Amino acid sequence: MDKPGISKTWQALINHHDKVSDLSIKEQFVNNPKRFSDFSLKAAGIFLDYSKNRVTQETMQLLFDLAEASKLSEYREKMFRGDKINITEKRAVLHTVLRNIDDVSTPEGRLVKTELERISKCVDDVREGRWLGYSGKEITDVVNIGIGGSDLGPAMVVRALQPYTTHIKVHFVSNIDATHISEAIEHLNPETTLFIIASKTFTTQETLTNALAAKQWLLSQSQAATNAIHQHFIGVTAKPERAIEFGLHQDNVFPFWDWVGGRFSLWSAIGISIALAVGMEKFYELLRGAHEMDEHFRSAPLNKNLPVILGLIGIWNIDFLGANTQAIIPYDQYLDLLPAYLQQLEMESNGKRVCIDGSEVTYKTAPIIWGGIGTNSQHSFHQLLMQGTQMVPVDFIASLHSHNPIGDHHLLLYANCLAQSQALMCGRSKDEVMQELKMQQIPDEEAAELVWHKIIPGNVPSNTIVLDKIDPATLGALIALYEHKVFVQGVIWQINSFDQWGVELGKHMATKLVPMLQDERDISDLDSSTQGLINLFI
């Protein structure tokens, strides 16, 4: 396998960049009237326009050469067949099995099928009023208690599929700040509330602290609740025995497996909150949409492969054009949690500085992922995108049809999305600004001073991802698209996209500080800053 940074294919891209460093995206459209069709692709209900990037056909071919030299196809097959590609934890990476729901030819597939049947019964019992609280009333509200992958994915999906939710209201609690759970349960009825404790290890401090608070809240409401904890709590975990030790009934514990990474777990029993919100059939549609993208990723040639192209464009922008960040801007209100979800997916997966062979990375890996919802973001951070000193590539995401068609709202929304990508590409030259000022009859002297403030350089790369409508299937495909993009980049950067040791360090240190904040342990060995901050607290 070629080593990034020093390989022939990498050097070829460096040499190519030297030749096209002043490439104008706008001029590329003038020179090639077919550029849109040449640099766009559709699969699994997702349309990708990557024509507004600083790439030529030669650029893309060199990137495909890089993917080939990195043995991307080989690693892709290793993932799908269950090889232990998560080398530091010695685990397979099989979240794709979770959405291949019709295949029971493997032991993992049979486990998934069995668990989906259990989940389906639970979901139907709750939604159809057969699951009753301690006072005999039907469940009206569900509170999912988790953090990270046990929260971000389900919360994002439930929000995105809001038009498909019915009578069960699903709430999410993640932060250990007591405000989060206090506000979540403040107006709920304990007689009709069901809690989901979602934790892969069932040891996560934030989740267990909130779960204990929920348990105490329920028990404080009524003596009758004391003997009915099992009617109000569900556990989702890879360690069922710990959930049972917590006090949950074994019938209410839904397992998933160590080959399901936390940030890839919404497809597993972690997604039970999604199913409770939208119903089991819609949850199955979500899984099938993701599976359709899996099949495309696994079988399509590299040069016709959406996740591959999206991943390679990202590598070009990061490692050769010098981008440090990547903005995600959905032009659909239902996708307002998507940027936060993708922050974890990309930055926790590929925010690594060590290669799989243990050597230190000598090139950039994951960018900082950030963003916001359009058109709100146009009135906050787009100024930096247009005229700031950093080049920030953007993924614009839009749907062709709205769930809430009112007047010209959706037309205007879509127009703004297209306008922003066009403005980032075209910018506004000095001559164009002067012409505009002349038409406004601005005096020459004033115009000469003002012109520099109104110039917009342009040539900022962007992708535009278009869905027909936000529905379970297209949402599933969209999420899987980004999952596989992350995998593509991890393979080429030769890092392990499936561990997160940086997260573990903070957890470990917080555990050590707790008794110090309780004034039960000597703090003299700590740095003076931490000592001072502890003393402020105690």
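This is a predicted model: local features need pLDDT of at least 70, side-chain atom pairs count only at pLDDT 80 or more; totals for chains, interfaces and linings use all residues.
With a relative accessible area of 36%, Lys71 is partly exposed.

Gln494 also has a positive phi, of about 60°, although it is not a glycine. This residue sits in the loop between helix 20 and helix 21 (501-517), and at 7% relative accessibility Gln494 counts as buried, the cut-off for that class being under 20%. Most residues other than glycine have a negative phi, and most peptide bonds are trans.

## A cis peptide bond

The peptide bond that joins Gly374 and Thr375 is cis, with an omega of about 10°. Thr375 belongs to the loop between strand 9 (368-371) and helix 16 (382-387).

## Helix 13 and its contacts

Helix 13 (residues 280-299) and helix 20 (residues 472-493) have axes that come within 7 Å and cross at roughly 40°, and the two helices are therefore oblique to each other. The crossing of helix 13 past helix 20 is right-handed. On the side of helix 13, the residues that make the contact include Leu286, Gly289, Ala290, Met293 and Phe297, while those of helix 20 include Leu475, Gly476, Ala480, Leu481, His484 and Phe487. Taken together, the residues of this contact divide into 12 nonpolar, three polar and three charged.

Helix 13 also packs with helix 14 (residues 306-320), at an angle of about 75° and with the axes 7 Å apart, so that helix 13 and helix 14 are roughly perpendicular to each other. Met293, His296 and Phe297 of helix 13 meet Leu306, Pro307 and Val308 of helix 14 in this contact, whose residues divide into five nonpolar, one polar and no charged.

## The chain as a whole

The protein chain contains 22 helices and 11 strands, and its C-alpha atoms fill a box of roughly 80 × 60 × 55 Å along the principal axes. A compact globule with 538 residues would have a radius of gyration near 24 Å, and the 25 Å of the protein chain agrees with this.

Buried residues make up 52% of the 538 residues. Among contacts between residues at least 6 apart in sequence, 75% join residues at least 24 apart.

Terms used:
Residues are numbered from 1 along each chain as its sequence is written. Side-chain values use heavy atoms; hydrogens and water are left out. Axes are lines fitted to C-alpha atoms, for helices over the stretch in contact, and angles run from 0 to 180 degrees between N-to-C directions. Helices (H or I, at least four residues) and strands (E, at least two) are DSSP runs, numbered from the N terminus. Angles under 35 degrees count as roughly parallel, over 145 as roughly antiparallel, 65 to 115 as roughly perpendicular and the rest as oblique. A crossing is left-handed if the near helix is turned anticlockwise from the far one by less than a right angle, and right-handed if clockwise. Contact means heavy atoms within 4.5 Å. Ala, Val, Leu, Ile, Met, Phe, Trp, Tyr, Cys and Pro count as nonpolar, Asp, Glu, Lys and Arg as charged, and the others, Gly among them, as polar. The radius of gyration is taken over C-alpha atoms; the globule rule is 2.2 Å times the number of residues to the power 0.38. Buried means under 20% relative accessible area, exposed over 50%, partly exposed in between (1.4 Å probe, protein chains only).
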